[in-house]
Amino acid sequence: MESLLKTETEEIIHDNQEYTLFSWSKQKGTNPIAVKYGEGVYLYHYDGKRYIDFSSGLMNVNIGHGDQRITAAVVKQMQEVSYVTPSCVTKVRGELGKKLAAICPGDLNKAFFTLCGATSIENGIKLARLYTGRHKILSRYQSYHGASIGAISASGDPRRIPVDAQQAPNFVHFDLPYAYRYEHGEENLLKDSISQMERIIAYEGSNNIAAILLEGQSGSSGCFLYPAGYLKAIREICNKYEILLIMDEVMSGFGRTGKWFGFQHHDIVPDMIAMAKGLTCGYLPFGCLMVSDKIAAKYDDAVLPLGLTYSAHPVSCAAALETLKIYEEDNLIDNAIAMGKYVDSRIEELKKKHPSIGDWRNQGLLGCIELVKNRKTKEPMAPFNAKPDEMTIMNKVAAKIKELGMYTFVRWSFIFIAPPLCVTKEQIDEGLNIISQAISIADASYVES
């Protein structure tokens, strides 16, 4: 039986490597986990090995794996109708739009349904330009908004660099330092950041700027926390210059940070919200661009020039509506708050044990450990956009995490901790024990002052 399973696993991996392409990876030498099924916070390999998923897939499986309530909702919808054109309507489309309007603050009451995070961002950018008649979009270095050409051009992530020659025009990036590495003191960070934004707007011309695009909470760039008061100040700047504010909640939305949306920690209301990931938790591809009544009203008597073949796909709408019910029925947002605090306390204990832990940044269950070679100099264990030869230590850390039975996101000097929101204290302890063993490898490269 063991031999048969091994043969089956090898065949599955071979077929995937031979006939499919892998994202963000060289194609030779991949060593993927062959996932047979998932349940809760765990993934199960075809050979029976169990992996605890500490990054919720790609920070999207918020409700956990294998929830058959989604299956039932999807099957029920498919038994009625699986597809209608976006010019037709279904009951589930209206119910989902109404539910999202209830969740969203302010006058964010109009949903344009998309296919994923990138298409939500693309349509948000397009609508901002159409609505304002302006063309420039301001966004942050060290941010990620998606892999399509517009979304990757808006991103400040180094994954955009290989396609810089083909990038979409009229994206302007600004730097927003984070407190751990800001050389002029945390007390000056907010003032300096807002002053920089005012200068950039003056340089670029406020009457040219359609929107400022920001993540509700920093994600794959390193979970950088906004300086207290920053988003509120940005909202005021947008009001002052009649610039739209688009919040990218693709990763930070739907309870991940302990609120429905990350920006709600900052007492603001944006003009648009881009959503995906936690909207269906990866059970089906889906996204949404939530738009204010003010913006939507412009198109009451004018054509809205947005469209997608699969917009408002009824089966995906059904998955999303059921997902939102699960957040509420299972009290997942409350659990994210409680478990986030528990993770915070446990990381404080690990800091005493592991000198290579330089910083821990977290909001709810969207957290990141940053490893350093020295706490005084804060030299990272691997630099930003590290080359392969600079990743030697962190690759060993990542390999150890996988060997010990964990799937999570390791990038440069960062280890991400973002388990499904249904996680328990016992499962957090299990996961942090694995991470602690792996960090011991980095500790061996720590250099005392």
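Rings of Phe, Tyr and Trp (its six-membered ring) count as a pair if their centres lie within 6.5 Å. Keep that cut-off in mind for the notes below on this predicted model.

1. **The aromatic cluster.** Seven side chains are named here: Tyr178, Phe224, Phe384, Phe409, Trp412, Phe414 and Phe416 form one aromatic cluster. Find them in the structure first. Across the whole structure, a search gives 16 aromatic pairs.

2. **An edge-to-face pair.** One of the 16 pairs joins tryptophan 260 and tyrosine 327. Where do tryptophan 260 and tyrosine 327 lie? Tryptophan 260 is in the loop between β8 (244–248) and β9 (272–275), while tyrosine 327 is in helix α10 (residues 314–329). The two are 67 residues apart in sequence, so their pairing ties together separate parts of the chain. Tryptophan 260 and tyrosine 327 are both buried.

3. **A stacked pair.** Now look at phenylalanine 261 and phenylalanine 263. Their ring centres are 5.8 Å apart. The planes are at 5°, so this pair counts as stacked. Both phenylalanine 261 and phenylalanine 263 are buried.

4. **Charges over rings.** The charged end of arginine 159 sits over the ring of tyrosine 144, at 3.9 Å from the ring centre. Arginine 411 does likewise with tryptophan 412: its charged end is 4.1 Å from that ring's centre. Tryptophan 412 is also listed in the cluster of point 1.

5. **Helix α10.** Is α10 enclosed or open to the outside? It is largely enclosed by the rest of the structure, because 13 of its 16 residues are buried. At 1.5 Å a residue, α10 should span 22 Å, and its end C-alpha atoms are 22 Å apart, so the two values agree. After α10 comes asparagine 331, with a positive phi near 55°.

6. A disulfide is a covalent bond between the sulfur atoms of two cysteines. How many disulfides does the structure hold? The count is 0. Cysteine 317 is in none, and the nearest cysteine sulfur, that of cysteine 288, is 9.0 Å away. Cysteine 317 counts as buried, because its relative accessibility is 0%. Cysteine 368 is also at 0% and so counts as buried.

Note on methods:
Residues are numbered from 1 along each chain as its sequence is written. This is a predicted model: local features need pLDDT of at least 70, side-chain atom pairs count only at pLDDT 80 or more; totals for chains, interfaces and linings use all residues. Side-chain values use heavy atoms; hydrogens and water are left out. A disulfide is a pair of cysteine sulfur atoms within 2.5 Å. Buried means under 20% relative accessible area, exposed over 50%, partly exposed in between (1.4 Å probe, protein chains only). Rings of Phe, Tyr and Trp (its six-membered ring) pair if their centres lie within 6.5 Å; planes under 30 degrees apart count as stacked, over 60 as edge-to-face and the rest as tilted. Helices (H or I, at least four residues) and strands (E, at least two) are DSSP runs, numbered from the N terminus. A charge sits over a ring if NZ of Lys or CZ of Arg is within 6 Å of the ring centre and within 35 degrees of the ring normal. The expected span of a helix is 1.5 Å times one less than its number of residues.
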